[in-house]
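These are my notebook entries on a single model, kept in the order in which I looked things up.

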Amino acid sequence: MIQMVLRKMANNRWLQLCLLAGLTVTVALVSSIPIYTDAVLQRMLGKDLERLQAEEGVYPGSLWSRVYVREEDDPAKAVRSIAEIDAYATEAGGRLPVPILHYVRERESVQFAAVPADAGQADPTVDRYAKLGAIEGIESNTTLVDGRWPDPEAAKRGVYEAVVFENALNKLRMVLGNEFHIVLRNESEPVSAEGGAPIVVKAVGVVKQASDRDLFIYGGNPARYENVFLLPFDTFTASFSGADQPVRPLTATWYYAVDHTKLTLDNVRAYMGVAAGLDAFLGERFETQAVNNAAGQTIVSYFDREVQLRQLLWALNVPVLIMLGVFLFMVSNLLVERQRTEISVLRSRGASRLQIVSSYAIEGLMLGAIALAAGPPLALGLTTWLGASNGFLEFVRRAALDVRLDAEVYRYALLAVGASFLMTMIPAAIAARSTIVERKREQSRAAKRALWQTIGLDAILIGVSLYVYWNFDRRMSQAVTLGAEAGPIDIDPLLFFVPALFMAGFGLLLLRIYPWAIRLLYWLGRAWWPPSLYTILLDIGRGGARYHYLMIFLVLTVGIGMYSASAARTMNQNLEDSIRYGVGADLRLSTRWENNAPPPGMGGAPSSAPSANASPEEAASPAVLQYIEPPFAPYESLPGVESVAKVFVKEDAFMETQSARGNVQLYGIETDDFGRTAWFRDGLLRHHFHEYLNLIAEDPSAALISRTLAEQRSIAPGDAIRVHWGNREAALFTVYGIVDYFPGFSPVPPKDASVMTDGTPVAPMLIVGNLSYIQNRIGLEPYEVWLKLEPDASREAAFAAIRERGLPVFQAEDAREQLVRMKNDPYQLSINGVMTLGFLISVLVSFIGFLLYWILSMQGRAMQFGLFRAIGMSFRSLLGLLAVEQLLTTAAALVFGIGTGIVACRLFVPMFRLAFEPSAQVPPFRVLIEASDMLGLGALVFGMILAGFAALGWIVSRIQMHQALKLGED
């Protein structure tokens, strides 16, 4: 049997190679899911910890714990408990799954009064309150800047030598060598040693951190040691940690500084387990204790995002998995159909169904073993490549993802091989039921309707998908009405699964209708069609069952490709538009101007008149600030700057008309510069954005207002509006136009917005006027500088020039930086990467499936073509017949696929608004279907048609008429 299987595979080597290619791609795709998920999650964990350090200034690898010994605590029990914690903390450090950079134990005593032992050395009238402390390892992890290290032997003489940080010298008003006695609270006499002599504490050295980035000191800030005499650790534990010591211990601290960059998906839970165990162990022994895991909250939130990201990645791959399943079933069915006569002969000559199925099982296992060996390494390469995705079908040079092969990857690969094996065994098991007699009977009878047509699978799939669409639409309407918040993590996995069902159902519906269209075409030209076309038109018009697999396969691949491209581009572009619109330009700078405000401590900035109970300084302050405008030319000459605009933004301006008044945002612009600098998406307004700017350019007092202001305050074009702020005099504006959107302005009401009498939230309102008019009529105040940079301009060069020229910039908002952060977000990275992979796999599998189908089809129709040649059809006419067949099947499937994809995009891609907080999406969400994607798919299918046509022509040219007729006689 094995020999027969090997010979059969050799005779069908091209078919087997195509099947192996599809199986390997399937295994690679499924294997890439855990690889890519783990790699993205690892990057997400690293980015979250980096963000924690950058934004909050906290070292993520800090694990700090402390216990507090209260006065009412049993001293002996406290000492035993601290010793137990010492042992446990040392053992717990061994269980930490990451390298320990520092393990530090600290001790501190209660606070006492430090009284100079010699009044001539230190001022005795100064109150000094200090503590005794110890930091294990301070000698090797800090730098001695003055004095010397303590002598442990001095403690035997009753003098405890210590080091201090430099800030302690100032805090305790002392110099090195000063000796102090310890006087505890509620006592008047100094604490005495065993011999009765007072205990003396003397600072003999000053230390500092080894470097500003040193992790030895928790938090990197020694300010908390400003009143602590730091003894050698062994000296402190021997003299002040016992139950009967003269100075009671107050705190004991254990601190780990670990290498957080070594935290991975495999060990992060173990790390959290050690922190939780330490917290529990301390809590059992002390009622007052604290454990601070610096990365704890970040890691906990990461665990939640991990679950959601895994679901998202699976959902992203579902359509491609469905397509690959269809591909495998189609190829397996073609393979078995080609061999059904052979199978029926074997059954008639005594072979059992088990033996026949076993032969196909052996074949499937051989192919599966090869795919299992080749798939995971291929997945590793794909995942590494996907890490460079910067958008849909866009790649940049980025740090490689941390990818690896592990047992989980091979479990996924084994599941993929098993599922594919079952998929390929289904047609073999069905074919093994018929003998040669049954086979001839099937061939002689009219073809039955396909099962999917009988049960109405197309209607079922469309009905289910439309129901889910209706449910999504209802949820989105509620989200818009209620103002529900959302984010990328709220993408519903069904948004990727249901469109595949819809496209399958819609494609089947088109295939149900298509034969009727072909029949109509045949009927219209039945008097003129050449004889060679009758076979094709009749075959397709009567159902064309053998074309169904190919056409539905192409419909799915093209439709899924369209949907993947549209969904990815839509999400990317809407996020990008939101960022660019919110910033308003490439770079937005806030500047500081000189003014006549009083110096700090002389009263606040006088934006209003002094009150009756104001201080003399406040009363003397000017009622209105006067500003000095800095030079503007240096901004225009910054490197890489294409255009610059002055934009005055006043958030708390006040407007009033004859019938209404209220707070508004006031923009002052120079229309020409603003139009060349600001970013604004086309189609947001009824006319081009520049036309509105031109509208107010002629009249200095002309103004544009937002639609929210027009509707909420009943203002129309031609109305007059008075605008002012603070104690400034008001200026009169005339409304020339109404805009729905304006760069940097969001008309969406905030969450805490007040409501109008009808319950409608009060939305932000905007007035846009000419800057010179505002400055002349109301007042000169600092404006923002908006810059449009050249496409390849360096931000670093621009900021370096700002620093070199000393420009008064105190805040910068960079749209490109926000875009980079958005594209590096793990969710965005995963969506772009997986959708790019799905699109390219669709292209590859479409090409393989197309060639495979037509090669097998031509080989199975050798007798038919031989007969055509025998009755006198020329080779050119035969090629024309094949060309028409390609147009009526492949080209039609392409059109159906593009149409199906467009319909699916129009229906389901808008549902992604749920991930963008639909009530606050500015500018409005829009669906993108790029013509380049459609042209790319069209070029792909056209290339497939050409390649297939060339292959078919080569096959037909090799058909020998006498061999075809002999085959027919057999």
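**Entry 1: Thr-671 and Asn-770**

I looked up the neighbours of Thr-671 and, leaving aside those within four places in sequence, I find it in contact with Leu-693, Ile-696, Ala-697 and Asn-770, where contact means heavy atoms within 4.5 Å. The model is a predicted one, in which local features need pLDDT of at least 70 and side-chain atom pairs count only at pLDDT 80 or more, while totals for chains, interfaces and linings use all residues. Residues are numbered from 1 along each chain as its sequence is written, and side-chain values use heavy atoms, with hydrogens and water left out.

Thr-671 is found in helix H20, residues 671–677; helices (H or I, at least four residues) and strands (E, at least two) are DSSP runs numbered from the N terminus. Thr-671 counts as buried because its relative accessibility is 15%, the classes being buried under 20% relative accessible area, exposed over 50% and partly exposed in between, with a 1.4 Å probe and protein chains only.

I then turned to Asn-770, which lies in strand S22, residues 766–770, and which is buried at 8% relative accessibility. Setting aside neighbours within four places in sequence, Asn-770 is in contact with Ile-669, Thr-671, Ile-696, Ala-697, Asp-699, Pro-700 and Ala-702. For the pair Asn-770 and Ala-697, 73 residues apart in sequence, I noted a C-alpha to C-alpha distance of 7.5 Å.

Is Val-274 buried or exposed? At 3% relative accessibility, Val-274 counts as buried, and its place is in helix H7, residues 268–285. Beyond its neighbours within four places in sequence, Val-274 is in contact with Ala-92, Arg-95 and Leu-96. Of these I checked Arg-95, which is 179 residues from Val-274 in sequence and 7.1 Å from it in space, C-alpha to C-alpha.

Tyr-563, in helix H17 (residues 545–583), is likewise buried, with a relative accessible area of 3%.

**Entry 2: H8 against H11**

I next took the pair formed by helix H8 (residues 296–338) and helix H11 (residues 407–431), whose axes come within 9 Å and cross at roughly 35°. The axes are lines fitted to C-alpha atoms, for helices over the stretch in contact, and angles run from 0 to 180 degrees between N-to-C directions. The crossing of H8 with H11 is right-handed, that is, the near helix is turned clockwise from the far one by less than a right angle.

On the H8 side the residues that meet H11 include Trp-314, Leu-328, Phe-329 and Ser-332, and on the H11 side Tyr-412, Met-423, Thr-424 and Pro-427 are among them. By class, this contact has ten nonpolar, five polar and no charged residues, where Ala, Val, Leu, Ile, Met, Phe, Trp, Tyr, Cys and Pro count as nonpolar, Asp, Glu, Lys and Arg as charged, and the others, Gly among them, as polar.

**Entry 3: Cavities**

How many cavities of 30 Å³ or more are there? I count nine, a cavity being a set of points on a 1 Å grid over the protein atoms alone where a 1.4 Å probe fits but cannot get out, and lining residues having an atom within 4 Å of a point. The largest cavity has a volume of about 160 Å³. Of the 15 residues that line it, Leu-19, Ser-332, Gly-364, Leu-367 and Thr-424 are the closest to its centre. Helix H2 (13–56), H8, helix H10 (353–386) and H11 each give two or more residues to this lining, which by class has nine nonpolar, five polar and one charged residues.

**Entry 4: Positive phi**

Arg-173, with phi near 50°, lies in the loop between helix H5 (166–171) and strand S7 (179–183) and is exposed at 56% relative accessible area. Ser-714, with phi near 55°, is in the loop between helix H22 (707–712) and strand S20 (720–724) and counts as exposed at 61% relative accessibility.

Methods: 1 Å grid on protein atoms, 1.4 Å probe; cavity = no way out; pocket = protein on both sides within 12 Å on 5 of 7 lines; lining within 4 Å. Points joined across faces, edges and corners; volume = space filled by probe spheres on them.
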